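Visitor: I would like to go through this model term by term. Please set each value against its cut-off.

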Amino acid sequence: MVEKRINDIVIVGAGPAGLTASIYAARAGLSAVVLDELGAGGQLLSIDNLENYPGFPDGINGFEVAYSLRLQAERFGAVIENDKAIGISLGKGNGDDARFVVQGTQGSYPARSVIIATGAKPVPLPVDGAASLVGKGISYCATCDGNFFRNKDVIVVGGGDSAVADVVYLCRIAQTVHLVHRREELKASPWYAKQLKGIENLVVHWNCIVSDVLQEESRVSGARLKSVLTGETSTIRAQGIFVAIGTRPDAAWLDGIVELDESGYIIADEGGATSVPGLFAAGDVRTTPLRQVVTAVSDGALAAEAAASFLSSC
């Protein structure tokens, strides 16, 4: 279904920021439509155990949080559309004219205000031919695809919290997990890093990068590593490679309509207001010193309140 009327708020992205924004907007009596290509959840769907979200001392599965957020949003009247936003245009915003029109692949969504909560996407493995092996041994979601590699050898590339979480998860499934990190110590927080101690089926390759992905019959069969210190190479046999080397903001589709920083994140104030009146940003897609589920949820609430205040002043 494509919404034809002018909505009070169109929220682009159904991760924790977008869903929280829709909850606050709908509870305030505003008509809220949420657009997301893959349905509700965002990066929550890739988290096996969310351990730093307040109120859950033993952690909670990310899918459970996403599902609950969606139910809560819909209970208050938010409408969630499975559609990918591909552009946004500015209207007059006078009388019956919408201030914005968000263009999706399935239709257009006129709105009096917009909240961008598209988050960030994984940085691809910078190796020739890696893109063609996604789904054929290369994955960017350990909790999504890990079970396909039960009792097999896998590689995790990265050294931050996400990479360590992937290692911990995969070590319970795979036969051997090789962690490849370009530095000699992890970027992950001390709490995450200490979880690796004592894991018997973990092999760590410090000061190394993946320089080539090996394949047999168009599937991953291993990787060639290169030392960043000596340039020496070595080979690992593995059936899967899980990449966790960072994320990039999903904001390129805005095509210059809003001001971005040098890294491509949307510049926004504490309430989510951007350089365009009526256009707000929330979650990982915006400038922020911390990108976590808890900050995304906070951003969503603040952006919805700011949008409501903007609409009441129009």
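Visitor: Which residues does Asp 36 touch, not counting residues up to four places away in sequence?

Guide: Asp 36 touches Gly 13, Ala 14, Gly 15, Glu 81, Asn 82 and Asp 83, with residues up to four places away in sequence left out. Contact means heavy atoms within 4.5 Å. A word on the source: this is a predicted model, where local features need pLDDT of at least 70, side-chain atom pairs count only at pLDDT 80 or more, and totals for chains, interfaces and linings use all residues. Residues are numbered from 1 along each chain as its sequence is written, and side-chain values use heavy atoms, with hydrogens and water left out.

Visitor: What makes E2, where Asp 36 lies, a strand?

Guide: Strands (E, at least two residues) and helices (H or I, at least four) are DSSP runs, numbered from the N terminus. E2 covers residues 32–36.

Visitor: Why is Asp 36 said to have no salt bridge?

Guide: A salt bridge needs a side-chain nitrogen of Lys or Arg within 4 Å of a carboxyl oxygen of Asp or Glu.

Visitor: How many salt bridges does the rule give?

Guide: The count comes to seven. One of them joins Lys 121 and Asp 250, with the closest N and O atoms 3.7 Å apart. Lys 121 is in strand E7 and Asp 250 in the loop between strands E16 and E17, 129 residues apart.

Visitor: Why does Lys 121 count as partly exposed?

Guide: The relative accessibility of Lys 121 is 43%, so the residue falls in the partly exposed class.

Visitor: What makes Arg 237 and Glu 216 a salt bridge?

Guide: Their N to O distance is 2.8 Å, and the limit is 4 Å, so the pair qualifies. Arg 237 lies in strand E14 and Glu 216 in strand E12, so the pair ties together parts 21 residues apart in sequence.

Visitor: What is the order of the sheet that holds E12 and E14?

Guide: The order is E12-E13-E14, an open sheet with antiparallel pairing. E12 and E14 stand at the edges, each with a single partner strand, so one side of each is left without a neighbour in the sheet.

Visitor: How do you know that E12 and E13 pair?

Guide: Pairing requires at least two DSSP bridges between two strands. E12 and E13 have eight bridges, so they pair, in the antiparallel sense. In E13, Gly 222 is the bridge partner of Leu 214.

Visitor: Why is the pair of Phe 149 and Phe 242 called edge-to-face?

Guide: Rings of Phe, Tyr and Trp (its six-membered ring) pair if their centres lie within 6.5 Å; planes under 30 degrees apart are stacked, over 60 edge-to-face, the rest tilted. Here the centres are 5.4 Å apart and the planes stand at 80°, so the pair is edge-to-face. Phe 149 and Phe 242 are both buried.

Visitor: What makes the pair of Trp 191 and Tyr 192 edge-to-face?

Guide: Their ring centres are 5.5 Å apart and their planes are at 90°, so the pair is edge-to-face. Trp 191 is partly exposed at 41% relative accessibility, whereas Tyr 192 is buried at 17%.

Key:
Buried < 20%, exposed > 50% of the residue type's maximum accessible area, 1.4 Å probe, protein only.
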